[in-house]
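Welcome! Have a look at the model below, and then we will walk through it together.

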Amino acid sequence: MSGLRFVLLLVLVLSGCRESANPEIHKLTVAYTTQPQCTLLHVAQAKGFFAEEKLDVQPRLFTFGKMALQELLEDRADLATAAETPIMFNILKGEKIFVLANIDTSTTNNAIVARKDAGIVQPTDLAGKRIALSPGTTSDFFLSTFLIANGLSRQQIHELPLKPEEMQEAIVHGRVDAISTWNYPLTQIVQALGANGTTFFDRDIYTETYNLVAKQEFVQKNPAILERFLRALIKAERFTQQQPLVAQEIVAQAIHVNRELVRSVWNNFGYRIVLDQILLIMLEDETRWAMSHGLAKPAAMPDYLSYIHFDALKAVKPEAIRIKR
Amino acid sequence: MTILSRINAIIIASMVSVLIMTPFAIWSMIEFNTATQHEHFMEEIIENIIDEASLRDQYYLYREDRAMAQWLGKNTEIIRMINEELAFWELAEDRKVLQELQRYLEENSRIFYRIINNSKQLKSVGTDAALLMELDKRLLSQSLVKTAMIHDLTKQLHEESDERIRRAFRWVIGIMGVYATVLSLGVATMLIFVSRLIRRRLLVLHAGTALVAQGRLDYRLEMAGSDELADVARSVNSMTDKLQAITQALETDLVERRSAEERLDRTYQELRAKEEQLRAILDNSDTVIYLKDTNLRYQLINRHFARLLGQEHDRLQGKTDGDLFPASLAETLQANDRIVLTCGHPCEMEESLPHEDGLHTYIAVKFPLLDSHGAPYALGCVATDITGHKQLEESLTQAKEAAESASRAKSDFLSAMSHEIRTPMNVVLGMSEMLLETPLNAGQRHYAQTMHHSGQALLRVINDILDFSRIEAGHFALSEQPFSPEQMVRETAGLMRITAMEQGLRLEEEIAFGLPGTILGDDARLRQILLNLLGNAIKFTHHGTVGVALGWAEGEPDTLLFKVYDTGIGIAPELTEQIFEQFVQGDAGITRRYGGTGLGLTISRRLVELMGGRIWVESRPGEGSDFHFTFPFRKGEGLMPVTEAREWSDSPFAEETGLRILLAEDVEENQVLFEAYLAQTPHRLVLVNDGLEALERVRRERFDVVIMDVQMPRMDGYTAARAIRQWEAENGLPQVPIITLSAHAMEGEVERSREAGCTLYLSKPIGKRKLLEGLRQVAGETSRVNNAPV
């Protein structure tokens with residue numbers, strides 16, 4: 001009997017091996033952006049790392065993460081990428097999502113660009129000026145924090161909500177005096193304003209995180225696919241670190257921008273797959289900000305730890321999990 | 001390769017492997033050390049960061065300056081530590097992370113300062129507290145973010161440092177393992193190899209030596225290689241080779257010894273048989289045979305000797321000659337024995353032994369018996385009784401002496417006859433010659449000529465008889481002097497040419513090319529043979545040709561061939577051998593018709609044979625004859641042929657220069673004859689009767705030539721000649737030429753003449769021509785002594 005058991009066990013193990021060694025191609029729709037934070041997805045797609053993992057990734061590209069996340073929430077995508085700010089707002093709204101991994105961290109991606117001819121030469125000059133922002137995004141949070149760091153409140157400015165792609169036109173044509181935005185529009189707008197433009201960075205007041213998100217239901221149904229997806233991204237991470245120039249070219253071609261533009265902002269980003277404490281700190285900090293500014297209903301602080309899915313990353317890159325549990 | 005070499009090779013290979021591994025080991029140790037230092041550093045950093053976090057929390061809670069100062073100090077300390085450590089971190093990856101950590105620490109420090117500033121503003125009056133408090137929260141969050149980053153990076157570095165330690169440790173362990181493995185493998189290989197090799201080879205050695213021990217001496221150990229055991233195997237093989245050789249030699253020796261024993265046995269039997277045979281021979285021999293030891297005691301005596309001594313031969317053993325013979329005889333015999341033992345080789349000696357009828361003479365052959373060192377250990381003797389022989393010998397000696405006496409008498413008779421006949425013949429011929437020089441009528445001249453020719457014929461007969469008798473008596477001696485054979489042949493032919501022409505014959509000479517210029521031999525006798533043969537040829541040839549030819553004898557080295565040929569009457573084949581016998585001519589009719597003694601060819605044959613040649617004739621009756629003879633000569637290169645007197649016989653010297661001549665001659669007729677010979681010449685003759693007178697005259701007067709007869713009263717010619725030479729020598733005077741005259745015509749006279757110091761020897765009869773030629777010769781060459789008869 002023991003011999004028979006052993007044979008059966010062997011057959012099962014072998015069949016399992018065969019299944020895992022030769023999985024079927026899985027079609028996956030991923031909503032991500034043309035921002036630098038999504039470099040790893042562009043590289044993985046271009047280099048065929050997804051295909052290597054038997055994933056047929058259908059990209060749905062957006063100009064910013066809030067839109068991509070919305071695509072996920074409306075079930076038009078299986079996975080999406082977004083900064084912590086829209087994630088925080090959607091969790092506060094009760095969306096059942098999981099952050100699967102942090103794919104980028106940056107402290108210099110967000111800035112305020114102003115027109116000098118609007119009388120803005122230093123941050124305090126922003127008082128009373130028309131400043132465009134994208135609500136519910138990092139643009140919103142960064143502007144708010146930048147203002148208080150410079151002794152100004154939101155009430156001291158004239159806010160103008162705009163989509164990122166609308167901001168260049170608005171500031172170039174003087175419809176606003178300043179804008180709060182990110183790259184690549186940030187660099188493009190600075191270049192468009194030329195000598196008339198002035199840019200305010202403050203790397204001490206905000207750390208942006210960019211994250212891979214999926215609905216909890218999807219995560220629970222497709223753990224293996226998520227692992228394969230993350231494995232493809234980890235390959236892209238390694239490739240990007242080893243061959244940054246090729247990666248820059250890939251990104252430039254994928255989002256149809258000048259390679260020089262990509263190169264100019266390249267070092268502002270981390271391009272690393274991790275799950276670290278920063279995400280939790282930022283989610284909680286922004287939650288407090290949102291509630292104190294009436295952007296969200298006052299409520300108890302959500303347990304953001306439960307919105308983070310560790311298993312997938314743990315399976316493929318355990319050392320990347322730095323969140324203390 | 002020796003086992004020790006192989007072990008050494010394995011040890012060296014292991015050591016080399018270990019040496020090769022050593023750099024890796026050193027590298028791994030360095031790596032381990034570096035990782036440990038990093039680990040230590042990271043532990044210090046972590047400790048400091050924990051302290052810093054604690055101080056930060058203290059400050060955030062109560063915003064006390066003390067906590068702020070401590071935090072700032074700790075933060076500065078950490079940054080300084082990282083700055084210092086960066087110089088020692090070699091890996092770019094690690095350095096990058098460390099630099100990132102440093103950046104976050106600096107950023108955190110900056111944020112901390114802003115928090116401090118913000119706190120200070122909060123404490124100021126008139127500032128918007130709400131904004132400042134919100135900013136404080138943002139900054140605190142960012143500080144937490146940086147702290148989280150710092151913690152993450154620290155953890156990462158710490159983990160990497162741990163990993164590096166583990167990796168280095170694994171290297172160390174691995175290399176040590178390899179070390180141990182290589183050494184273990186080396187040792188194990190060495191042990192296994194050596195033990196297997198030795199075991200295998202020992203088994204071969206054991207099996208091989210066991211076989212050899214069982215007697216298989218043809219078995220050889222087969223062990224290749226050059227190690228010690230192979231050397232042992234080769235030594236064993238070498239030992240077995242020698243053992244086998246010795247065994248074979250012993251076997252061969254044994255076989256040979258058996259064979260030798262058998263041969264010895266056979267030899268012994270043969271020796272017994274031979275001893276018996278010898279004993280029988282010894283005992284039956286009528287010869288005295290005995291052996292003595294070196295003390296001269298008889299050890300072996302044959303029966304004949306024992307009988308002679310009148311004793312049983314067994315009893316004679318150990319006795320000496322002193323026991324058997326009278327003392328004087330014994331002493332003589334033993335003295336002879338000692339001579340033989342001393343000289344060490346056989347000696348033949350005459351000894352006497354007593355018989356019943358008196359002493360008998362023995363020829364004793366005594367011989368020493370020598371041992372292997374050549375030392376005599378016994379003396380043997382074989383003695384033959386020669387008493388009868390001795391008596392015979394004595395009678396023979398007497399007979400021989402009588403015969404010799406008779407022979408001497410005959411010779412003396414012949415000599416005397418020669419002298420006695422020649423002396424009157426000399427006078428008869430000289431007188432007839434002189435008579436022919438006087439005016440005569442035809443009848444007188446015919447009588448005188450007949451008388452002269454008859455005298456010459458008689459002289460030839462006498463000469464032939466003398467030659468023949470000398471040859472027969474064995475007294476004929478040949479001289480040897482250098483001469484030219486060609487010249488001799490031409491001169492001889494020249495002598496006969498006139499005679500031949502007188503008979504209407506042509507005389508030819510044929511001399512071959514390449515003959516030796518000078519040879520050694522008796523040219524006078526050769527000339528005599530040729531003259532005899534040519535004389536015969538002319539005599540027996542009535543018309544046609546006679547000739548003499550000289551060439552090489554075919555197939556005989558250094559031998560001349562003379563041929564005398566004619567176209568005469570020839571010789572019947574059955575007579576070609578007989579004609580060389582004495583007193584034989586072709587037939588009786590020939591003797592009657594041609595005359596002659598029949599001794600010419602006999603003498604020629606004897607002369608040719610005396611000179612080592614042979615003579616024969618080839619003849620066709622009615623056509624002619626060819627006489628051949630050979631002459632083996634000795635080469636005479638470098639010698640000058642003696643110039644014959646005939647060469648200058650026609651010189652006018654004698655006619656132009658008158659000589660003062662002293663003639664010592666006791667016979668008056670001869671004095672008259674010489675006076676007659678010289679009467680018509682410019683020479684002046686002084687006569688004395690003997691040698692003494694001649695000596696006295698020579699001492700007193702000066703003569704150009706002295707002529708002396710040999711036989712003279714008071715002082716003979718030779719004595720006088722010696723006396724003259726002595727007187728000349730004593731007075732330092734030049735030698736006067738002395739011519740001796742003798743009718744002996746015997747061999748030995750020439751030598752005697754030369755010894756006496758004479759210049760020339762002339763044999764009688766002496767004709768006028770002969771005398772004048774002799775005078776010419778000595779007067780022309782006074783210093784030269786030529787005693788050849790002319």
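## Chain A at a glance

Chain A has 14 helices and 10 strands; helices (H or I, at least four residues) and strands (E, at least two) are DSSP runs, numbered from the N terminus. This is a predicted model, where local features need pLDDT of at least 70, side-chain atom pairs count only at pLDDT 80 or more, and totals for chains, interfaces and linings use all residues. Residues are numbered from 1 along each chain as its sequence is written, while chains are lettered from A and ligands numbered from 1 in the order in which they are written.

Of the 325 residues in chain A, 50% are buried. A residue is buried if 20 or more other C-beta atoms lie within 10 Å of its own, exposed if 12 or fewer, and partly exposed in between, with C-beta atoms placed from the backbone. Among the contacts in chain A with a separation of 6 or more, 79% join residues 24 or more positions apart; two residues are in contact if their C-beta atoms, placed from the backbone, lie within 7 Å.

## A closer look at helix 7

Which residues of helix 7 of chain A are buried? In this helix, which covers residues 164–172, they are Pro164(A), Met167(A), Gln168(A) and Ile171(A). They lie on the same side of helix 7 of chain A because they cover an arc of only 95° around the axis, the arc being that of the directions from the helix axis to the C-beta atoms. An α-helix has 3.6 residues a turn, so residues three or four places apart point the same way.

The buried residues of helix 7 of chain A pack against strand 5 (111–115), strand 6 (130–133), strand 8 (178–181) and helix 8 (185–193) of that chain. Just after helix 7, Gly174(A) has a positive phi of about 80°.

## Where chain A meets chain B

In the model, 16 residues of chain A are in contact with 18 residues of chain B. On the chain A side, helix 6 (138–149) and helix 13 (277–292) each supply at least two residues. Helix 13 of chain A gives the most, with six residues.

## How confident is the predictor?

The predictor's confidence in each residue, from 0 to 100, is called pLDDT. Its mean for chain A is 89, and 93% of the residues reach 70 or more.

Chain B averages a pLDDT of 82, with 91% of the residues scoring at least 70. For the complex, the predictor gives an ipTM of 0.83 and a pTM of 0.48.
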